[in-house]
Amino acid sequence: MANFKAHVSIAAAVSSVAALVAVDARLIDGADAPWLIFLGTIGGMLPDIDANNSKPVKLLFNALALLGVTAVWVIFRNSYAQQSLLLGATATYVGIRYGLFNLFNSFTEHRGVFHSLLAAVFFACLMTCISFYFLQWDILHAWLNGLFVAIGFVVHLLLDELYSVDLSNTRMKKSFGTALKLFSYRNIPASALMTVCTIALYWLAPPPTPLLKVWQAAHWDQYLSQAKLCQ
Ligand SMILES: [Zn+2]
């Protein structure tokens, strides 16, 4: 298993290359690149959210807890006294950071359904929906956000699988085949549930037509000829 630092840096590097290629092929604007690289890097941390006490899962639940606290503050600030608000905000933080976190841990196993290609599609659709409905991005950019999360995600799975080959002894470690898989073969109900959620999210998401159109119109030929000239 590759460590956290390796995952973050390699996801960032691959996302940077993907963003540069996309800019070069005029698929995206140069100004979009830093945000998409950031999303690719986040995608590179996501598959390990099912590892109890891993850094990404703690970061995720801290972020969710802070989001909850902000929501409580914004919604109730005019209806309650400051002390009650403070108490409510603290309870929300503890409830999400520790209560929800422990519940999530008890339901997930490491390298389970969250460590699969199915989960990559799930998070891509989830990111697209969040971008479109909550962050108010246009359809093209919402799908690009989802796509870059998926790129980082798949890089993580590939890296873990590469690490399961013991290079010095040229033999496979026990973990070979557990990192990069279509879905969790050991936990079919969880995989079925994630499939249903993924289909629902795809159905909810706006049709990816603008992305497909831009993809077809992208100057791949020009990019490829440039790449050949560089060789
Ligand atoms: Zn992993």
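User: In what order do the elements of the protein chain run from the N terminus on?

Analyst: In this predicted model, the elements run α-α-α-α-α-α-β-β-α-α-α from the N terminus, and the secondary structure comes to nine helices and two strands.

User: How much of the chain is buried, and what share of the contacts join residues at least 24 apart?

Analyst: Buried residues account for 39% of the 231 residues in the protein chain. Taking contacts between residues at least 6 apart in sequence, 74% of them join residues at least 24 apart.

User: OK, switching to the metal. What coordinates the zinc ion?

Analyst: The zinc ion is coordinated by Asp48 through OD, His115 through NE2, His156 through NE2 and Asp160 through OD, at 1.9 to 2.3 Å. Along the chain these donors follow the spacing D-x66-H-x40-H-x3-D. Histidine 115 sits in the loop between helix 4 (82-107) and helix 5, while histidine 156 belongs to helix 6, so the pair ties together parts that are 41 residues apart in sequence.

User: And what are the angles among the four donor atoms like?

Analyst: They span 88 to 170°, and the site of the zinc ion is irregular.

User: Which residues of helix 2 are buried, and what covers them?

Analyst: The buried residues of helix 2 are Ala33, Leu36, Leu39, Gly40, Thr41 and Gly43. The cover over them includes helix 1, helix 5 (117-134) and helix 6 (139-163).

User: One last thing, where is glutamine 136 found, and what is its phi?

Analyst: Glutamine 136 is found in the loop between helix 5 and helix 6. Its phi is near 60°, which is a positive value in a residue other than glycine.

User: Is glutamine 136 buried or exposed?

Analyst: Glutamine 136 has a relative accessible area of 63%, so this residue is exposed, the cut-off for that being over 50%.

How values were computed: Residues are numbered from 1 along each chain as its sequence is written. This is a predicted model: local features need pLDDT of at least 70, side-chain atom pairs count only at pLDDT 80 or more; totals for chains, interfaces and linings use all residues. Side-chain values use heavy atoms; hydrogens and water are left out. Buried means under 20% relative accessible area, exposed over 50%, partly exposed in between (1.4 Å probe, protein chains only). Helices (H or I, at least four residues) and strands (E, at least two) are DSSP runs, numbered from the N terminus. Contact means heavy atoms within 4.5 Å. Donors are N, O and S atoms within 2.8 Å of the metal (3.2 Å for Na, K and Ca); water is not among the atoms, so sites may look incomplete. Four donors count as tetrahedral if all angles lie between 85 and 135 degrees; four count as square planar and six as octahedral if opposite donors are over 155 degrees apart and all others between 65 and 115; anything else is irregular.
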